[in-house]
Amino acid sequence: MEEKVPIVEMRNIKKSFGGVHALRGIDLKLQRNEVLGLVGDNAAGKSTLMKVLSGAHKLDEGEIFIEGKRVHITSPWDARRIGIEMVYQDLALADNLDVSANVFLGREVASTKLGPVSVMNKHHMEIETKRLIDRLKIDIPSVRSVVERLSGGQRQAIAIARATAFNNKVTIMDEPTAALSVAAISKVLDLVRELKAQGNSIIIISHRMEDIYQVSDRMIVMRHGCKVRDCPVVGDLDEFREQVVAYIIGARDDFAERGVN
Amino acid sequence: MNARKSKTSFLKEGKVVFKENIRDVGMYIALFAIMLFFTIATKGIFISSRNISNLINQTGYIAVLAVGMTLVIIIRHIDLSVGFLSGFLGAIAAIVMVSWHMPTGVSIVVTLSLGVLAGLLTGFLVAQMKIPAFVATLAGWLGYRGALQLATMAKGTIIIPNAAFNAISNGYLPDIPNIKIFPGVHKVTLILGVLLAIAFIINAIRERRSTRSYKFKVLPIEFFILKLALMSVLIGGITWVLSGYRGLSWTAVIVFSVSLLYNFMMTQTFLGRHIYAVGGNPEAAELSGISVKKITYVVFGSMGMLAGLSGIMFASRLQSATTTAGQLFELDAIAAAFVGGASATGGVGKVTGSIIGAFVMMSLTNGMNLMGIDISFQYIVRATVLAGAVIFDVAARSKKD
């Protein structure tokens with residue numbers, strides 16, 4: 001049996017800000033249709049690693065492969081063209097626009113083009129948005145609802161739907177459940193499961209162990225810019241949590257022999 | 001009993017419709033109330049054909065500025081320079097015709113182009129140099145004021161002799177000669193009014209049909225008909241009043257065209273959507289591949305062009321360029337935009353709203369002038385209306401259901 005080519009592979013990624021080593025040579029693999037949880041304490045480097053992948057930060061050293069092909073990502077727009085979408089924690093949506101406008105923001109569909117002026121095909125975009133929302137079982141009053149008027153959970157769902165609307169290869173979610181109510185969190189997790197069921201490949205950053213436990217196939221624990229654990233998510237929640245905490249606080253480290261520079 | 005039931009549900013629905021559209025509806029009601037008040041207070045002089053015609057010509061050069069200002073406010077900036085820029089560009093238009101002996105068309109093209117350049121300069125300061133728009137355009141306010149005084153220094157006031165140029169703000173659409181019916185009524189205006197009302201109704205019905213066919217919520221049918229009826233009466237009333245004097249002025253045509261064009265741009269094109277997105281969330285817009293810089297340039301460039309248009313309209317109205325032209329225009333335009341529902345926090349505002357806002361503010365001035373109210377009280381009344389409109393707006397916005 002040949003080895004599967006991972007949809008994302010990051011090799012020996014290094015990134016420093018001034019004298020601070022945020023990433024000290026990280027390896028990461030994401031298989032097709034896999035949900036990968038990324039956990040760690042504040043400043044462990046989770047977000048930095050994902051920002052490197054999504055083009056918000058440029059890497060100092062290391063290589064990124066998408067479906068086995070080496071890519072160079074220098075801007076969020078680059079990443080998006082390659083098929084990497086990131087759902088940012090709080091700057092994802094334009095509150096003053098409606099759901100459909102947000103889903104198609106920057107990717108509007110034209111009905112006619114008169115020289116430099118492109119006229120929007122609003123109906124097409126609204127129908128497509130409706131289809132997307134229905135397919136992902138997201139509960140909102142209408143695709144014409146102004147985002148400002150939706151709840152936190154609904155907004156997060158729209159942001160996630162938007163990221164997955166255009167046949168992307170990888171979706172990165174940065175703390176998708178932060179600042180949400182319990183009911184809203186379970187809806188967002190349902191949405192992640194639905195996306196997985198429909199074949200998406202996802203990386204989730206979260207502080208909440210329960211979330212990672214519930215939706216991830218595999219997880220990576222980071223500490224001080226290094227990977228300290230990379231394993232499938234199995235066992236019962238309490239055991240899982242205890243184990244992960246040990247890695248997060250540095251009591252255990254599977255990769256210790258590689259040494260910290 | 002059935003009838004009573006439907007009546008209460010009608011009222012209930014009415015309440016919902018009113019609440020959902022309170023900001024738009026409120027503005028029209030305010031304009032209507034102000035006009036009604038002045039009509040009664042002046043024993044009908046306010047609503048006379050001659051005065052309404054004059055009111056529209058008075059509002060024109062502020063209304064076009066207000067349209068540009070709306071876009072600037074939507075992307076969270078402000079432009080204080082456009083008043084004196086308008087005055088300065090009006091003087092340039094006069095100099096091109098009077099000193100360079102160029103025809104009206106050339107003067108208009110030169111003026112509008114210079115306006116775009118001036119706007120791009122502001123855009124450069126704001127987008128590239130990251131200077132707050134308030135400061136950058138305050139510098140513009142000073143600079144263009146100086147430039148205006150320089151331009152008019154030689155003669156003080158430059159008299160413009162070109163008939164075509166002066167017709168822009170003083171001329172009216174020609175009428176069809178030799179028609180005996182409706183003597184004393186401007187037939188072309190009447191016909192245009194009817195056509196406009198029909199176009200409006202057809203467009204509304206088509207829009208409603210397509211919306212319904214996609215199973216989206218539409219206005220309840222009673223309110224849809226009510227809305228159509230009110231708009232038809234409004235269009236009909238305005239054209240009837242105007243056709244009683246000299247018909248549609250060229251100023252009215254310009255203001256109508258500018259608002260139609262900008263309304264289309266803001267609601268139907270990529271550019272309009274991107275402008276709203278930049279105003280709503282610049283970071284999200286940038287991450288979506290929209291260049292905030294480019295949008296800033298476009299918006300200030302359009303503001304500059306409209307300042308040129310405003311300058312042309314004002315110079316034409318006075319048939320001359322004066323040293324104080326454009327003074328306080330920027331504040332009138334900003335007030336019009338805010339009365340018209342724009343929000344200083346960005347992302348919110350409508351072209352049509354700002355046009356209505358401009359008419360609200362100018363109706364106050366016009367009506368109080370007719371009543372002979374002292375200018376000092378006029379400022380206080382206008383201040384109250386401006387503050388009231390914004391308070392109403394904030395209250396309506398914060399009421400989330």
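**Domain and chain contacts in the predicted model**

Chain B is assigned two domains, domain 1 (21-171 + 250-398) and domain 2 (177-248). The bounds come from an automatic or database domain assignment. The centres of domain 1 of chain B and domain 2 of chain B, taken over C-alpha atoms, lie 26 Å apart. Their contact takes seven residues from domain 1 of chain B and six residues from domain 2 of chain B. Two residues are in contact if their C-beta atoms, placed from the backbone, lie within 7 Å.

The structure is a predicted model, in which local features need pLDDT of at least 70, side-chain atom pairs count only at pLDDT 80 or more, and totals for chains, interfaces and linings use all residues. Residues are numbered from 1 along each chain as its sequence is written, while chains are lettered from A and ligands numbered from 1 in the order in which they are written.

On the side of domain 1 of chain B that touches domain 2 of chain B, α3 (49-74) and α10 (250-268) of chain B each give two or more residues. Helices (H or I, at least four residues) and strands (E, at least two) are DSSP runs, numbered from the N terminus. The largest share of this side, four residues, comes from α3(B). Its residues divide into four nonpolar, two polar and one charged. Ala, Val, Leu, Ile, Met, Phe, Trp, Tyr, Cys and Pro count as nonpolar, Asp, Glu, Lys and Arg as charged, and the others, Gly among them, as polar.

Between the chains, 23 residues of chain A contact 23 residues of chain B. On the side of chain A that touches chain B, α2 (76-82), β8 (117-120) and α4 (122-135) of chain A give two or more residues each. β8(A) gives the most, with four residues. The residues of this side of chain A comprise 13 nonpolar, five polar and five charged.
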